[in-house]
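Dear colleague,

Please read them with the coordinates open.

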Amino acid sequence: KFRQTLSDTFDVQFAEKFAPGALYYDSMDYVEYIVTDAAYIADRIDKFLTLLHDITDPAEVVGFRIKGFRFIFNEHLKDTYALVDEDFLPLISVIQAVIQEIGAEMVDDLNRKRAYTKALRLARNPDARITDFNFKEAA
């Protein structure tokens, strides 16, 4: 009933069913990947990674954000992947590139290592890929 009220009041259409996926937000230059339709708490780990925790179970990571995606793509990925706009980029590659960028900064920080490990686990999902980024324009 609440969905219907929102739909009628604001003339919007909602997806019938939630589907896990990644979206690129150009104005903020980040990629967000969410695996479940749940409210979440954002936990900023460093200048690149934010983990998203289920609000009802903060131990459960339901997604992540990678800030500075355009920089990571241009510096670490565009020469590796010859992508056109119809292609997709696996998020696991993006996280690995971020780890390469921060390098030694992570060695002595156990909490940071754990956070990146959690993000890598989620990024192994088959739907953890970027499809809405203009790869040709970025390159």
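A crossing is called left-handed here if the near helix is turned anticlockwise from the far one by less than a right angle, and right-handed if clockwise. This is a predicted model, in which local features need pLDDT of at least 70 and side-chain atom pairs count only at pLDDT 80 or more, while totals for chains, interfaces and linings use all residues. Residues are numbered from 1 along each chain as its sequence is written, and side-chain values use heavy atoms, with hydrogens and water left out.

By that convention, the crossing of α3 and α4 is left-handed. Helices (H or I, at least four residues) and strands (E, at least two) are DSSP runs, numbered from the N terminus. The axes of α3 (residues 91-102) and α4 (residues 110-123) come within 8 Å and cross at roughly 160 degrees, which makes α3 roughly antiparallel to α4 (angles over 145 degrees). Axes are lines fitted to C-alpha atoms, for helices over the stretch in contact, and angles run from 0 to 180 degrees between N-to-C directions. In the contact (heavy atoms within 4.5 Å), residues of α3 including Leu91, Ile95 and Ile102 meet residues of α4, among them Arg112, Tyr116 and Ala123. The residues of this contact divide into 10 nonpolar (Ala, Val, Leu, Ile, Met, Phe, Trp, Tyr, Cys and Pro), one charged (Asp, Glu, Lys and Arg) and one polar (the others, Gly among them).

Turning to the sheet, five strands form an open arrangement in the order β1-β2-β5-β4-β3, with antiparallel pairing, where two strands pair if DSSP finds at least two bridges between them. β1 and β3 (40-44) stand at the edges with a single partner strand each, so one side of each is left without a neighbour in the sheet. The twist averages 20 degrees from one strand to the next.

β2 (residues 30-34) pairs over five bridges with β1 (residues 21-25), Ala22 standing opposite Tyr33, and five bridges also join β2 to β5 (residues 61-67), where Tyr30 stands opposite Lys67. Four residues separate β1 from β2 in their hairpin, and Asp29 in the turn has a positive phi of about 55 degrees. Both faces of β2 are covered, with Tyr30, Glu32 and Ile34 on one side and Val31 and Tyr33 on the other all buried (under 20% relative accessible area, 1.4 Å probe, protein chains only).

Finally, α3 lies across β1, β2 and β5, at about 60 degrees to β5, whereas α4 lies across β2, β4 and β5, at about 105 degrees to β5.

Conventions. Angles under 35 degrees count as roughly parallel, over 145 as roughly antiparallel, 65 to 115 as roughly perpendicular and the rest as oblique. Buried means under 20% relative accessible area, exposed over 50%, partly exposed in between (1.4 Å probe, protein chains only).
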